[in-house]
Amino acid sequence: MVQYNFKKITVVPSGKDFIDIILSRTQRQTPTVVHKGYAISRLREFYMRKVKYTQQNFHEKLSAIIDEFPRLEGIHPFYGDLLHVLYNKDHYKLALGQVNTARNIIGKIAKDYVRLLKYGDSLYRCKSLKVAALGRMCTVIKRISPSLAYLEQIRQHMARLPSIDPNTRTILICGYPNVGKSSFINKITRADVDVQPYAFTTKSLFVGHTDYKYLRYQVIDTPGILDRPFEDRNIIEMCSITALAHLKAAVLFFLDISGSCGYSIAQQAALFHSIKSLFMNKPLVIVCNKIDLQPLEALPEEDMKLVMEMKAEAVKSILAQGGDSKDDEGVLLTMSTMTDEGVIAVKNAACERLLNQRVEIKMKSKKINDCLNRFHVAVPKPRDTKERPPCIPQAVIEARATANAKEKRKLEKDLEEENGGAGVYSASLRKHYLLANDEWKEDVMPEILDGHNVYDFVDPDILQRLEELEQEEGLRLEGEAVEEDFEMDGKELTEEEKALLSEIRRKKKLLIQEHRIKKSTAESRPVVPRKFDKDRKYTTDRMGRELSALGINPSAAVNRARSRSLSTRGRKRDRSLAGQGEDGEAMDIDTEHSNKKLRVRSRSISASRSRAIIAAPGGFTPGEGFRDIVQKQQALKIAKKSVRHRNKAACKGEGDRVIPNLKPKHLFSGKRGKGKTTRR
């Protein structure tokens with residue numbers, strides 16, 4: 001379990017944001033509601049509470065920053081030295097110390113001004129003391145703004161650090177740059193470390209996890225280390241040195257025996273001897289990588305001697321831990337991350353040696369005696385001397401033999417491996433064709449032959465057959481149309497009716513065609529009034545003649561057309577002059593009235609009609625939910641009476657638009673002195 005989670009540290013605001021947060025919270029929680037008529041004791045209490053609340057908010061915020069950042073003396077030495085390498089612990093402590101000092105100063109300021117507010121003799125004096133107290137607190141925060149910004153940068157960097165548990169089972173990978181450390185951790189874990197063919201691709205610690213014998217192991221990839229004095233090493237190299245110095249882990253020292261990393265075996269051996277003091281009391285495995293480029297057996301004698309010296313040093317570490325010098329099988333291993341040869345063997349050897357060491361340490365501790373007293377290993381005792389070998393039933397043996405003898409169906413993957421693999425083998429798409437002869441499946445089908453398209457000559461009679469098919473379809477559709485034409489309302493027409501219907505439809509088609517021709521030509525014009533129709537082509541007489549020729553009585557159509565042709569003014573006058581009696585017949589009208597009287601009468605009738613339309617809601621209509629006209633009038637009267645008070649007071653109703661006050665008085669009232677116009 002990871003003990004330190006730096007991602008939970010709260011964000012450190014800048015100095016300006018810090019002040020805005022505290023003062024806005026103070027204004028919300030202690031709003032200014034003070035009048036001149038208040039007693040002086042009440043005014044003092046109010047402003048004292050405001051100063052105390054501001055000091056309390058500053059104290060809580062600054063205390064949270066101090067408590068959440070880790071103390072270098074109280075955390076694991078690995079993290080303590082790592083933070084010192086990355087941020088310089090002196091600067092780190094100085095920044096936290098300034099925050100702590102600011103917290104104490106703000107407390108003293110609040111204490112002093114609360115004491116002064118006890119003796120405030122007026123509203124102006126109390127308000128001035130409050131402004132001075134808050135101003136001095138804000139000045140203190142402004143002075144520590146650089147420290148707050150520095151702590152925020154440290155917090156962001158610490159949140160990006162890997163979550164390393166210093167006490168769990170750990171495998172540490174170290175060596176020169178570009179020797180294959182990141183490739184190895186990508187192979188055995190699910191970590192995704194960037195791998196590039198140049199030095200110092202890895203610039204920080206990366207963590208991955210792997211499993212061995214149902215246990216989880218932590219694998220750490222460190223940046224490359226160069227063979228130079230301790231004082232000359234940079235921050236990237238010091239991260240690796242810190243991990244080697246403080247983590248109890250199995251160390252894998254990588255050697256590039258091919259020399260493709262840019263460093264010779266002599267340089268890598270010199271680095272090994274310079275940092276071998278960091279390998280004390282830790283399982284050490286020397287890994288010779290890139291054997292696909294240079295096998296270990298083919299090394300020159302001088303380089304082989306250097307490798308054996310490193311192996312001897314690793315064996316000494318085994319002897320120092322109380323092991324046997326004969327157990328040197330897992331000390332020098334070879335592998336290639338390019339071909340995956342030996343990768344799993346290296347992982348298993350490192351995990352096994354680390355596990356054995358941890359078990360030995362626990363066995364030597366005092367706690368093991370308490371645990372051994374609780375264990376009892378039960379060993380079965382033989383009841384007689386008869387041997388009882390395992391028995392497999394005959395049916396199971398026969399089933400296994402049958403399953404092995406049965407031929408497996410070849411898959412496309414098997415055929416691909418047999419015929420050269422991916423990129424060489426091409427799967428046949430015709431093997432499943434359903435043809436009369438299976439030999440035809442792989443025949444070559446030409447597309448162009450003698451300059452002609454083969455598909456044009458597959459069926460020479462295709463055009464003739466297509467025409468026949470179209471004619472047949474046309475005859476069928478025509479027969480269906482004829483049947484539909486002469487069947488109306490579920491009964492068939494007589495011969496005369498059929499002939500008349502055919503003539504009407506033929507005439508209709510001719511009219512549609514004529515209209516389309518006119519519309520398609522440039523002579524097409526919009527419909528013009530009849531007074532411009534000089535030729536008088538379309539008249540009621542012509543319509544009557546054509547309808548008579550078709551055997552239809554044209555009188556009704558002619559009368560309807562003539563009634564529509566009358567002007568609107570004429571029709572209104574007819575209706576105003578000729579009313580309907582009770583028996584539905586037209587009333588007699590005195591033709592000797594003057595035109596003036598007729599116009600007056602027409603206006604009076606139209607006015608009465610308009611009044612009737614306006615007063616329609618007061619009328620009674622069945623189905624409105626009222627018993628009679630009296631009940632409806634009573635309901636309307638009650639409705640008017642209910643809204644009378646609101647209309648009289650001119651109040652806003654539920655459906656009225658609400659326009660808020662754009663200038664609230666509590667923000668724009670009061671005196672504004674000279675100088676700055678910004679206020680809180």
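**View 1. Arg-42 sits over the ring of Tyr-38.** This close-up comes from a predicted model. Arg-42 lies over the face of Tyr-38. The distance to the ring centre is 3.8 Å.

**View 2. Phe-18 and Phe-58 form a stacked pair.** The whole structure holds 11 aromatic pairs, found by a search. For Phe-18 and Phe-58, the ring centres are 5.9 Å apart. Their planes meet at 5 degrees, so the pair counts as stacked; the cut-off for stacking is under 30 degrees. Where do Phe-18 and Phe-58 lie? Phe-18 belongs to helix H1 (residues 15–29), and Phe-58 belongs to helix H2 (residues 40–68). The pair therefore ties together parts that are 40 residues apart in sequence. Phe-18 is buried, with a relative accessible area of 1%. Phe-58 is buried too, and its relative accessible area is 1%.

View 3. Edge-to-face requires an angle over 60 degrees. Is Tyr-212 buried or exposed? Tyr-212 is buried, with a relative accessible area of 14%. The limit for buried is under 20%, so Tyr-212 qualifies. Tyr-217 is also buried, at a relative accessible area of 0%.

**View 4. Arg-169 lies over the face of Tyr-217.** Arg-169 is 5.7 Å from the ring centre of Tyr-217.

**View 5. Three aromatic residues make one cluster.** Which residues form this aromatic cluster? They are Phe-6, Phe-78 and Tyr-79.

Methods: Residues are numbered from 1 along each chain as its sequence is written. This is a predicted model: local features need pLDDT of at least 70, side-chain atom pairs count only at pLDDT 80 or more; totals for chains, interfaces and linings use all residues. Side-chain values use heavy atoms; hydrogens and water are left out. Rings of Phe, Tyr and Trp (its six-membered ring) pair if their centres lie within 6.5 Å; planes under 30 degrees apart count as stacked, over 60 as edge-to-face and the rest as tilted. Helices (H or I, at least four residues) and strands (E, at least two) are DSSP runs, numbered from the N terminus. Buried means under 20% relative accessible area, exposed over 50%, partly exposed in between (1.4 Å probe, protein chains only). A charge sits over a ring if NZ of Lys or CZ of Arg is within 6 Å of the ring centre and within 35 degrees of the ring normal.
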